[in-house]
Amino acid sequence: MRAGAGLWLALVLASGLGCVALFGSGHAGFQTNLLALLPAESGDPLRQRAYDRITAQAERRIIALIHAPEAAERIKAATIFRDRLRSQAAVESVVLGYQDNPDEGGPYTQLLFEHRFGLLSRTDRALLERGETEPFVARARNSLFGLGATRSHRFIDDPFGLAESYARELNQATPASGLRLDTQGRFETRAQSGRYYSVVFIEFHDSPFNFDAQAAQTSALDHALEQMRAAAPGANAILTGMQRHAAAATAQARREISIIGSGSALGILLLMFWAFGSLRPFLLSGMVIAGGCLFALTLTVALFGQVHVLTLVFGASIAGVAIDYCFHFFARRWREPDPARALSGIRRAISMGLVTSMLAYLGMALTPLPALQQMGFFAAMSLLGAWTGVILLLPALAGQPPRQARPLPLARRWWSFTGRPVPTSAGTRLPVLLLLLSLPAALYLTSPRDDIALLNSSPAPLLQAERLTQRLLGTATGGRALLVTGDSVTDVLQREAEFRAASPGGDDLQAISRYYPAPPQQRRNHALLADTLYAKDGPAATLLAELGFPDAVVQNHLQTFAKAETQPLGLEQWLSAAQARTLRPLWLPEGGEFPAASMLRLPPGAPDAATRRLIAADTRLQLLDQRADISESLAQFRQRAAWLLGAAYLLAGLLLWRLFGLGGALAVLAAPLTASAVTALLLTALGAVFSLFNLMAMVLLLGLGMDYGIFLRMADEDRVPAMAAVGLSAATTLLAFGLLAFSATPALQGFGLTLALGLSLTFLLASVLASGGAQPRASSA
Amino acid sequence: MQSFTTHGGLRGIRGLAGILAVCLWILAGMDDSLAQTATSADGLQRGAFVQQKYLAEMAEPLVSRGEFLLSRDQGLIWRIQAPVESITVITREALRQFNAGQQTLALSAGSQPGLNMVAAVMLGIFEADEALLEEHFEIRHSSGEDDSWQLDLRPRANGLKQRMQAVQIRGDRRVREVHIEEPAGDRSIIRLQNYAETPAPLQSEELSLLRGGRTE
């Protein structure tokens, strides 16, 4: 007996050491990004690559809108906010205006200037295509005789100001269409109400899904806001960005864990103390389950490397099923005070419960969905670990037999209520009838929802702030863009340009092709200049001579123009220019399996019908809608999980058939199955959402329901202690997970509500079915 | 040094114009040590200019002449009369050019990052508004004989450095001369002269130009 406890301790220590070693070596880690749960194989890798690009950029960024009644106070507030943030280590950049851009290079960079004869602005090209050269001559004269015409190059190098005209157009590629500049070059935006907001763009070094980084980011923002309010009491700031959602989720989880978590722990403690009259069962059960979880964690980490936190949560919930084993042990001791004999009395039942549950959950691990694989594997292993704990640890440390048996009278009354008054035949027929009615109805009536909003429980003010920011700045979120692929840079940009020309409002879309002429176009631009401004004895030659430039200077300039023909500016190089900064994320270079591709930022809202038709008509155009794609993945996930749940029932059914015969197997499974079906119907009737997370609760119901059925069926002539154990198990599970129904996170709430309703029904049905059922064949087998 | 503080003070009480401004102006004028740029009570100045543009490739500067109108609140109208006819209007919101009655350039400060700076700088230079210029330049101020003074400006921001390497403003009661050196070596000298002692109020065409309208 002592040896058993020693063995268990050694096992737990080994697991702990293994776990520490795995995490210490850096090969293992926790995943916290909810999106990482979803199957990556849903789209093609190119789409994924585009999303990764969008996400990597978006998740580290925060946009702050700062408002105050007086303009001076608003600007002061924005400046202080920027300066305070700038000194924070978590912050990579803070930009309140053009001067703040780290790579701001003035009116145009040398690179763009060198290619001025190929990079014509659209305005200039249109003028020249119409043969209008007079505006260019006027422009040249203005820049010599007019005011404010100062430039970084000599007049003679670009007399018609082609480079400046191009740079001006490129400057319109601002990060957001609703953004304007005040007279000092600071970003601002104006609401329809006439209210002005200063706009600050913040970029962090790390993703907010890294918990440490998130905490540092939150404190940096809080600190800056505090300083801002101290200096400008009338100012307020509206912050939006992935970091805000992540921080809100963290705060909420923390709050709920402390309230719901401590509530349920206290409840379970009180319940067990009431039932057994001592703290020992509570502590021992806790040790058994914790040991099981640690065992499972080590194996899961060793096998998968990265473990998702949500996997852990669901997996650990299922491990909670193992508390049943403990209850059976303690309840048995009311009759068999000797620990060893108590254990041998229940070993068979709990082993059978273990095998059926493990089989069911390992079945889930065979799916191609990484999250379900992890979850199934973790659940099976934690049950195995907990079972080992019950076998090895409990008899050794069980101590004095429990003095009190308060639950027994209750269990006896419940038993006589559910068992006796119902005629034996009706005892099975009623639930079977219920099953036959409710299951098809549930399958037919339940309309699942797979919206990503289920993963998102952001507080309303944050969502409101997001809408305001989107409306004011005209920025689209949710990763909606158009993906354009092609054989080459030119091909992609050609497709882009054609799309923009054909799509309503397409000309205004932020796209590389709007600003960058592909090499063939650059050559055409040069040829156009050669036919017009730089024609032989054309405006360039005549104007420069007329202004009094020496002939050698004029000839030199004309030669510079002629030589420029052969060297177009490549896209990668163009993107490296400071002015192209906001367009850089839109290009996905060719490489490996990937074709060249670009993204076009689409305006907020769903694309119109004409745009949809354009996209549908060309296979090289794809609509990227991250939100829809994630919802689609969730739907796939849910469908597969539903099939797997069905398969788990089937596997368990086969095993139970072997143990109890067909009738017994049906009677055991009918409880969780009927309870699940009725719960689905109740949820539908209540108007609640049915999603993946409700389904996950049903996976848990299967394990619990089977255990109840098996234990009640395998108990010998006096079933009251087994009934008491099952009742206690149901009550603790309700306390542990049913309380999640009060969670503000839709996913957890759905899980909790389903579990609360389903478990109550499972308990009721299992009681009724066990009483009506035949004595287990297994007792003689 | 004090001179511009007084000037700034005048700016600050714009709302009280009238008597108070006139009184201050008279007071400031009485003190010889204060070099006060003189404007009418409504902040209007009219005068003529001659600009010489020196290019390295040419022996002789290119010269242009014309008239200007500077309204403290509304902006600058720069009317070139020779050798071409063109009008440049600079306000805090926009820069526009007209040739032969046709608008040939219209830039809004709301969308052109360089422009807001150039517009603010140009207005600041012709107003010799030290407070405004401080935002964009390192300033060295030196006082000369009588009430003359000189400001040497070096741009702070990279964007501005690419347009102006150095600016020099000389004046007394008025701004008299502005030198602008461009980074590539071209430079301009602008002389402001023939200030009207009692400038005529804004004409309707001028008002329209300053408010974003077209020339007549």
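**Exercise 1.** Which residue of chain A forms a salt bridge with B:Glu57, and how far apart are the closest N and O atoms?

*Solution.* This is a predicted model, in which local features need pLDDT of at least 70 and side-chain atom pairs count only at pLDDT 80 or more, while totals for chains, interfaces and linings use all residues. Residues are numbered from 1 along each chain as its sequence is written, chains are lettered from A and ligands numbered from 1 in the order in which they are written, and side-chain values use heavy atoms, with hydrogens and water left out.

Step 1. Apply the rule: a salt bridge is a side-chain nitrogen of Lys or Arg within 4 Å of a carboxyl oxygen of Asp or Glu.
Step 2. The partner of B:Glu57 is A:Arg154, with the closest N and O atoms 3.0 Å apart.
Step 3. Between chain A and chain B the count is one salt bridge.

**Exercise 2.** Describe the side of chain A that touches chain B.

*Solution.* Step 1. Seven residue pairs between chain A and chain B are in polar contact, both at pLDDT 80 or more. A polar contact is a pair of N or O atoms within 3.5 Å; within protein, one must be able to donate a hydrogen and the other to accept it, and residues adjacent in sequence count only if both atoms are side-chain atoms.
Step 2. On this side of chain A, helix H6 (134-145), helix H7 (162-170) and strand S4 (180-181) each supply at least two residues. Helices (H or I, at least four residues) and strands (E, at least two) are DSSP runs, numbered from the N terminus.
Step 3. H6(A) has the largest share, six residues.

**Exercise 3.** Find a salt bridge within chain A and place its two ends.

*Solution.* Step 1. Over all chains the count comes to 25 salt bridges.
Step 2. One of them joins the side chains of A:Asp124 and A:Arg139, at 2.7 Å from N to O.
Step 3. A:Asp124 lies in helix H5 (residues 122-129) of chain A and A:Arg139 in helix H6 of chain A, 15 residues apart.

**Exercise 4.** How many residues of chain A are in contact with chain B, and what area is buried between the two chains?

*Solution.* Step 1. With contact meaning heavy atoms within 4.5 Å, 40 residues of chain A are in contact with 47 residues of chain B.
Step 2. Buried area is the accessible area (1.4 Å probe) that two parts lose on being put together, summed over both.
Step 3. Chain A and chain B bury about 3600 Å² between them, with 57% of it on carbon and sulfur atoms.
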